[in-house]
Every structure is written in structure tokens, then in C-alpha cells.
Amino acid sequence: MIENEIILQIGREITDNVDEVYDATGKYVLPGGVDVHTHFALPMAGTVSSDDHYTGQKAAAFGGTTTTIDFVSQDCETLTESVEAWHQRTDNLAVTDYSFHMNITRFNKDIGKEIPSLVKKGITTLKVFTAYNNRLRLQDGEILQVLRIAKSAGMLTMLHAENGDVIDLLIEEALAAGNTSPVWHARTRPAWGAVEASLRGCALAAQARAPLYIVHMNAAGEVDQLEYARSKGLPVMGETCPQYLFFTEENLDQSDGAKWICSPPMRSKEDNLRLWEGLEKGTIKVLSTDHCPFFFEGNRPIIYENEPVMIPGKELGKDDFTKIPNGLPGVGDRLPILWTEGVQKGRITANEFVALNCTNPAKIFGLYPKKGTILPGSDADIAIWDPNKKVIYGVGVAQHRTDYNLYEGWRLTGYPEKVFSRGKLIVDGSTWYGKKGSGKFLYRKPFAEIL
């Protein structure tokens with residue numbers, strides 16, 4: 001029973017004061033998905049990611065996800081100004097509930113003093129980078145200071161783990177040798193850089209005695225390092241993304257290889273298998289998407305909600321892989337793809353599916369039990385899931401505002417039938433009822449759970 005946007009009661013016979021009844025016979029009733037890694041309307045490489053908070057959250061909802069967390073860029077002089085700027089570009093568009101992480105891409109004493117004030121703004125997570133020299137990267141000593149400050153404020157630090165120095169050197173060498181095709185994006189960002197940066201992040205977290213969350217794990221060795229750190233009792237956690245479970249560097253070597261360019265890049269089949277093992281064993285606690293879509297051919301319009309849309313995309317780097325915007329669509333794909341490839345194929349159980357996509361992210365990021373579960377008192381974010389529905393998937397089914405899909409032609413079994421956001425029906429089959437501005441910003445709790 002749902003009342004005033006909240007799950008009021010769970011039982012076998014609920015008949016009092018019922019206005020509407022939805023029949024879920026033969027279906028699963030799941031908590032709405034929680035995707036803690038999205039990039040909506042993110043400026044990059046002379047363009048912007050093609051989904052904003054409306055179109056991206058719409059796509060998410062059609063895939064069964066009802067909560068997203070985006071990243072605030074440190075564009076302004078103060079963190080407060082950066083957060084306010086992100087609210088201005090988001091609040092009137094959001095159609096489902098959302099929150100923010102804060103990127104820390106430059107650091108000094110004043111920024112360090114300001115970080116704890118983010119908690120009152122509902123932001124309890126920080127992201128740091130060991131790559132993107134002279135743009136996003138902090139030095140190790142600065143990351144150590146961020147970890148210390150975060151711990152004292154009850155915040156969690158997130159780490160993008162690659163080796164920026166090695167990447168810059170390899171890119172310079174590749175371009176000098178005339179190697180400009182998309183596959184060189186992967187070849188200039190070797191897996192060993194991610195592996196050593198992950199271990200370095202764990203070591204810094206150990207020295208700061210602070211929790212750490214490694215984002216978009218993509219290499220087998222990262223799972224090894226995460227297992228090692230956790231075996232030492234360190235409060236370190238990690239996520240991976242669907243693209244790293246299925247695709248490899250070979251996809252970037254195709255004629256349309258730019259479609260698969262993201263950072264970190266695709267790896268090998270051995271990496272795919274080790275990441276699956278990390279999910280199956282519970283070493284990796286979360287599946288997110290790192291949703292950051294760009295058009296493949298941004299000089300050709302698509303029709304979105306009956307209007308032509310054309311946004312510059314991956315064609316910007318047709319002659320130079322370094323100019324291809326890094327990112328992929330995925331926020332709507334995550335649940336249907338993992339249900340077919342994970343639950344239907346016996347790799348994970350339905351309960352493990354919910355833990356990875358809903359409950360664990362809600363707990364780790366200070367949203368539980370408001371989000372990520374079906375309990376009395378929780379928000380009524382619900383997906384009625386048809387485990388037997390068969391779908392031939394692709395860009396014609398997914399609702400992302402872009403012109404391609406990584407899973408084109410995949411045959412899926414299991415798909416959401418209806419999706420509710422705080423008790424309001426927003427997806428009914430192929431019908432959309434969501435409204436811009438109806439999503440609420442979520443003020444997240446400090447000192448969230450370490451799983």
C-alpha cells in the first residue's frame with residue numbers, strides 16, 4: 001500500500017482505503033534502481049553529453065532506475081558556487097529523484113576548509129582523479145588530505161584510478177607515430193595503470209584511515225587489488241559497469257570503434273570474466289553505468305519527442321582519437337542487460353541483482369532505507385518486472401537521447417512493465433507520464449554504511 005509517496009504497508013490482503021490497484025501477478029516487484037554514477041549534460045571535447053537530467057532520467061526510468069547521482073564539476077571559485085550552478089542547470093529538468101557528488105579537481109587550504117560544509121547541502125561524497133593531468137588530477141599528497149577531511153566529516157571519497165603520467169607519455173608517442181584510430185584510446189591507457197593506481201588509492205586510504213570507493217573498475221587486476229585491500233580490513237569498496245563485462249579493446253578496432261570509447265577503456269575477455277567473478281563473489285558491491293552519451297554522428301539529427309535534435313559527438317575525433325568525446329550511453333540498459341546476462345544465465349540470483357543495482361548503492365551512498373528497498377516507510381520507487389518479457393534491444397527501444405546503443409540486436413528476457421517514482425506511475429509499457437521538475441534533490445546522510 002502506497003500513501004503520500006511512501007510505502008505504508010506490505011501484506012497479503014490490503015483492502016482498506018484503496019483507490020487504485022495494479023496487478024503484478026506473475027511479475028516481480030522490485031525497488032527502483034539506484035545508479036550512482038551518471039554524467040548528464042557534461043561539457044567535454046568541444047561538445048556536451050547528449051542526455052540532460054530530463055532525458056537521462058527518462059531513459060533510466062524506462063530501464064527501471066528511479067534514482068541517479070550526478071557529479072558537480074569544480075568550475076567556480078568555491079564549492080558552494082559550483083553546487084549552486086549545478087542545481088540551476090538541473091532542478092527544473094529532473095523527473096526522478098537525484099543527488100550530487102562533488103568533484104575535487106583542485107585543492108588548497110580554503111577548499112579543504114570548505115569541504116565539510118557540503119554535508120549540509122546533502123552532498124556526502126567526493127571524487128578525485130589520478131589521471132587527466134593539468135585538468136582533473138590531484139597529486140597523491142592532496143588526495144591523502146581529501147581522504148582525511150572526508151573521513152572526519154563522515155564523507156566517502158571516490159577514486160578514478162588510472163596513471164595520468166603514463167597516459168600522457170603514450171598518447172604523445174602514439175600521435176608522433178601517426179597512430180590516430182580509436183583503438184589507440186585503449187592502447188594508450190593500459191590496464192596496469194588502473195591496477196597500480198587502484199592499489200595506490202587503497203594505500204592512501206589506509207594511511208588516512210578513511211573509506212574509499214573505486215569507480216568504474218575495468219581490469220582483472222583491480223579486482224585482485226580490491227580483494228587484497230579488503231582482506232587487510234580496509235574499508236574499500238568498488239563498482240563496475242556493464243560495458244566492462246561484455247566488450248573489449250577489439251570493439252574499438254571496428255569501423256565504428258568510436259562508439260566504444262570511454263575512460264577507462266574496454267580491456268580483454270579475461271578482464272570481463274574476472275569482473276564477473278568479482279560481482280558473483282560479492283567483492284564488487286555495485287553496478288553503475290558511468291552514463292555519458294554522445295552522438296556517433298552528431299552532424300545528423302535524430303527525432304526525440306517529435307523534435308529534431310543534433311548535438312556534436314564522436315565524429316569530432318574522426319581523424320584523432322584524442323578528440324573523440326569519452327563516454328557511452330547506458331543508464332537505461334543496466335537493469336535489463338544484467339537481468340538477462342546475470343539472473344537468466346544463473347550467474348547471480350534475483351536478490352543479488354537487487355543488491356547490486358538498488359540496495360547496496362543506497363546503503364553506501366546514504367540513501368537507505370529511503371531508496372533501494374521495499375519496506376514500510378521507504379519511498380514508493382517501484383518497478384514491476386516481467387521476467388518473461390522478450391525484447392530485441394537496441395537504439396529503437398532504449399530511450400537515451402543519442403543515435404546508437406552498445407547492445408544493438410541483443411535478445412533480452414526480462415524487462416520492466418511499469419515504473420513508479422514516489423508512488424506516481426511514470427512508465428507504463430511504452431507510455432511516458434513523467435514531468436520535468438517533478439524529481440526531488442536527495443539530501444544524503446553522512447557516515448553511510450561501509451559494505
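The model is a predicted one, in which local features need pLDDT of at least 70 and side-chain atom pairs count only at pLDDT 80 or more, while totals for chains, interfaces and linings use all residues. Residues are numbered from 1 along each chain as its sequence is written, and side-chain values use heavy atoms, with hydrogens and water left out.

Aspartate 70 belongs to strand E7 (residues 65–72). The side chain of aspartate 70 reaches the backbone nitrogen of histidine 39 at 3.3 Å. Leaving aside neighbours within four places in sequence, aspartate 70 is in contact (heavy atoms within 4.5 Å) with residues including His39, His53, Trp86 and His101.

The backbone also has some features to inspect. A cis peptide bond, with omega about 0°, joins serine 263 and proline 264, and another cis peptide bond, also with omega about 0°, joins tyrosine 368 and proline 369. Histidine 216, although not a glycine, has a positive phi of about 30°, and this residue is placed in strand E11 (residues 212–217). Histidine 216 counts as buried because its relative accessibility is 2%, buried meaning under 20% relative accessible area, exposed over 50% and partly exposed in between, with a 1.4 Å probe and protein chains only.

Terms used:
Helices (H or I, at least four residues) and strands (E, at least two) are DSSP runs, numbered from the N terminus. A polar contact is a pair of N or O atoms within 3.5 Å; within protein, one must be able to donate a hydrogen and the other to accept it, and residues adjacent in sequence count only if both atoms are side-chain atoms.
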